[in-house]
Amino acid sequence: LPEEWGREVSRWMRINRTQRRLVDGDPAPDRADEYRLYQVLLGAWPADLPHAHRAPQEFIDRISAYMLKAAREAKLHTSWLTTNQGYEDALTGFVERILGTAGGPKFLPAFAPFQRRVAAVGMINSLAQVVLKLGSPGVPDFYQGTELWDLSLVDPDNRRPVNFAVREQMLASLGEQDPAALLREAQDGRVKMFITTAGLQLRRELQDVFVGGEYLPLESEVTVPGDIVAFARSAGEEAVIAVAPRLIAGLITEERPAPLGGECWKTSRIILPEALRGRTFRNVFTGEELKPTASAGQGWLFVGQVLDRLPVALLRAI
């Protein structure tokens with residue numbers, strides 16, 4: 001996405017040029033601060049506001065506070081000890097104008113399509129990170145509040161209270177949900193909670209596998225413009241395979257917001273070691289049973305077969 005990012009930033013700067021102010025004869029905010037602002041907006045934009053023409057005031061205030069802190073710590077135009085009130089007012093005013101009623105209706109529709117594409121990739125990357133830390137050697141680290149999408153900025157933004165009541169309600173309803181439906185409604189974050197919960201339950205059931213069990217990286221052959229990470233954990237007769245995608249921006253489109261199925265992954269496959277070629281696997285998240293394909297002394301699972309309903313997988317040998 002680097003080339004598209006560069007073109008989009010240039011376009012947004014042109015759209016918002018009338019919202020800058022002059023401070024001591026120079027445009028404010030400067031180009032570096034404006035560039036930083038677009039980076040922050042891309043990563044922190046609320047998942048439930050894909051088509052807004054004006055940002056909520058609470059979000060505007062959070063972004064303004066972040067930008068003010070970043071400018072002060074950069075110490076180029078202002079600082080904590082020697083504040084430049086004119087520049088700071090121009091900076092926070094710029095945030096207010098481009099996200100509010102003054103410039104939001106023009107800027108946000110131009111910002112939204114690229115933001116949605118990056119958010120789709122980010123959601124898949126987040127799910128991949130969850131599966132990788134669930135399956136990897138060591139103890140997975142989960143921060144309170146990150147059971148759902150966490151789009152917090154640096155402190156003090158990341159110190160806001162966690163809404164545990166919402167999480168308790170979502171957790172109580174997960175057992176009734178279809179994983180594929182959770183993915184289709186990914187904006188609310190329940191799909192991340194579902195994967196986290198199912199993975200932690202598996203770790204509890206197979207403690208010997210995940211605590212001190214063997215780790216074996218698996219070879220893959222990927223035939224599309226993306227990649228995967230796959231590895232096995234085992235102890236005795238018990239075994240688990242973790243599969244997570246990476247570098248999948250080229251596989252994501254408006255029509256296909258998640259890299260799923262054989263149409264997406266073509267003939268991409270995960271090569272299995274001899275000890276696992278004859279096993280049947282159950283997808284811990286979807287309940288699907290998968291049997292490896294064998295030929296000429298090799299055994300494999302097709303990636304599209306593994307990632308058919310969800311873009312990540314934990315496969316338990318049965």
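The paragraphs below go from the chain as a whole to one residue, E34. This is a predicted model, in which local features need pLDDT of at least 70 and side-chain atom pairs count only at pLDDT 80 or more, while totals for chains, interfaces and linings use all residues. Residues are numbered from 1 along each chain as its sequence is written, and side-chain values use heavy atoms, with hydrogens and water left out.

The chain contains 12 helices and 12 strands, these being DSSP runs numbered from the N terminus (H or I, at least four residues, for helices; E, at least two, for strands). Along the principal axes, its C-alpha atoms fill a box of roughly 75 × 40 × 35 Å. Among contacts with a separation of 6 or more, 67% join residues 24 or more positions apart, a contact meaning heavy atoms within 4.5 Å.

Of the 318 residues, 48% count as buried, that is, under 20% relative accessible area with a 1.4 Å probe and protein chains only. The accessible surface of the chain comes to about 15,900 Å², and carbon and sulfur atoms hold 52% of that surface; the areas come from the Shrake-Rupley method with a 1.4 Å probe.

Within this chain, E34 lies in helix α2, which spans residues 31-44, and E34 is buried, with a relative accessible area of 0%. The side chain of E34 makes a polar contact with the side chain of R20 at 2.8 Å, where a polar contact is a pair of N or O atoms within 3.5 Å, one able to donate a hydrogen and the other to accept it. Leaving aside residues up to four places away in sequence, E34 touches M13, N16, R20, P29 and F94.

Conventions:
Buried < 20%, exposed > 50% of the residue type's maximum accessible area, 1.4 Å probe, protein only.
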